[in-house]
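Here is a friendly tour of one structure, from its strands to its ligands. Have the model open and follow along.

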Amino acid sequence: ITIENAIVEALKRSAFKLYYQPIYDMRAGKVVTVEVLLRWQDNPLEISTQDFINVAERTGHILEIDEWVIDNVFQFVAKMKTKVLPYTVAINLSVQTFKSEKLIEFLEDEVAKYGIEPSRIAFEITEYSFIDDFDKAKTAVMRLKQMGFRISLDDFGTRFSSLNYLVKMPFDLLKIDKSYIDQIVDETAHAIVVEHIIQMSRALGLKSVAEGIEDECQYQQLCRMGCDFGQGFLMAKPAPIEELINLEPQLD
Ligand code: G
Ligand code: G
Ligand code: MN
Ligand code: NA
């Protein structure tokens, strides 16, 4: 059995499940967003999400997976009153999905089908989606924005963190990659870069989000730096939505 065949089977059997990880307002300690992270139930090959997403991207199945995620999330958001779910829901989009000609039409159909308010959804687009064909990527971002969705620049700092993206794209949030957050306590250079990314985000009107916060020192330091939002195992791990009833962080 190949990973590709297993993915096709999993799509047929609806063997995927959505987990959610809260993103907090750092100062208020309140949840502002929940990020959807795909999990494969009874995964026969016991491979990680990252590994099967990579294979799905290479084999072209990622569009179908992302559409499945979008359909399930929209259905869920439509069911939940804003009082019960007063958070934006963040959905990861692979490069192929983001650049697909069919995406906008699919989203228009989905919005009509479930009658959801697009501002309740944020799409996370990783920075390497913008390296080639910048104009096409910009058009895709503008279309999503025109429909009312929010846009996050994901994994900022990992590869091609061009300032060009920041001045030319109307992002709402900038997610600073975990590899930077990991080193802010011990590495002065990383701390300086992160602090400047936070200040630059604020000056440009974007919310900064720190990814992968694992300890109290990182949390405190990011607060001092003025980071708006944060996400990480310190506050909460991704979990089925039923388990996230108490969404406030347990920091004491
Ligand atoms: O939560 P986790 O470590 O398993 O996620 C691994 C990677 O898979 C992350 O880079 C994340 O962005 C990506 N990922 C998780 N869920 C989805 C999804 O629904 N669609 C896409 N395209 N990527 C996802
Ligand atoms: O690529 P993206 O940023 O979408 O993926 C986020 C990934 O980071 C997911 O795989 C999620 O499970 C993982 N993650 C979130 N918080 C933490 C954390 O505090 N520590 C670690 N190791 N992983 C985290
Ligand atoms: Mn993400
Ligand atoms: Na990331």
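Let us begin with strand β3 (residues 88–93) and strand β4 (residues 121–126), which run parallel and are joined by five bridges. Strands count as paired if DSSP finds at least two bridges between them. Strands (E, at least two residues) and helices (H or I, at least four) are DSSP runs, numbered from the N terminus. In this pair, Val89 stands opposite Ile121 of β4.

This is a predicted model, in which local features need pLDDT of at least 70 and side-chain atom pairs count only at pLDDT 80 or more, while totals for chains, interfaces and linings use all residues. Residues are numbered from 1 along each chain as its sequence is written, and chains are lettered from A and ligands numbered from 1 in the order in which they are written.

Stepping back, eight strands close into a barrel in the order β1-β2-β3-β4-β5-β6-β7-β8, with mixed pairing. Helix α3 (residues 62–79) packs on the sheet and touches β1 (16–25), β2 (30–40) and β3, its direction making about 175° with that of β3. Contact here has C-beta atoms, placed from the backbone, within 7 Å.

Now to the ligands. Among the residues around ligand 1 are Leu37, Thr49, Asp66 and Asn92, and β2, α2 (49–59), α3 and β3 each give two or more residues to that shell. Of the 14 residues around ligand 2, Asn92, Gly212, Glu214, Gly232 and Phe233 come nearest. A residue is near a molecule if its C-beta atom, placed from the backbone, lies within 6 Å of it.

| Shell | Residues by class |
|---|---|
| Ligand 1 | seven nonpolar, four polar, one charged |
| Ligand 2 | four nonpolar, five polar, five charged |

Here Ala, Val, Leu, Ile, Met, Phe, Trp, Tyr, Cys and Pro count as nonpolar, Asp, Glu, Lys and Arg as charged, and the others, Gly among them, as polar.

Notes. Contact = placed C-beta atoms within 7 Å. Axes fitted to C-alpha atoms, helices over the stretch in contact; angles between N-to-C directions.
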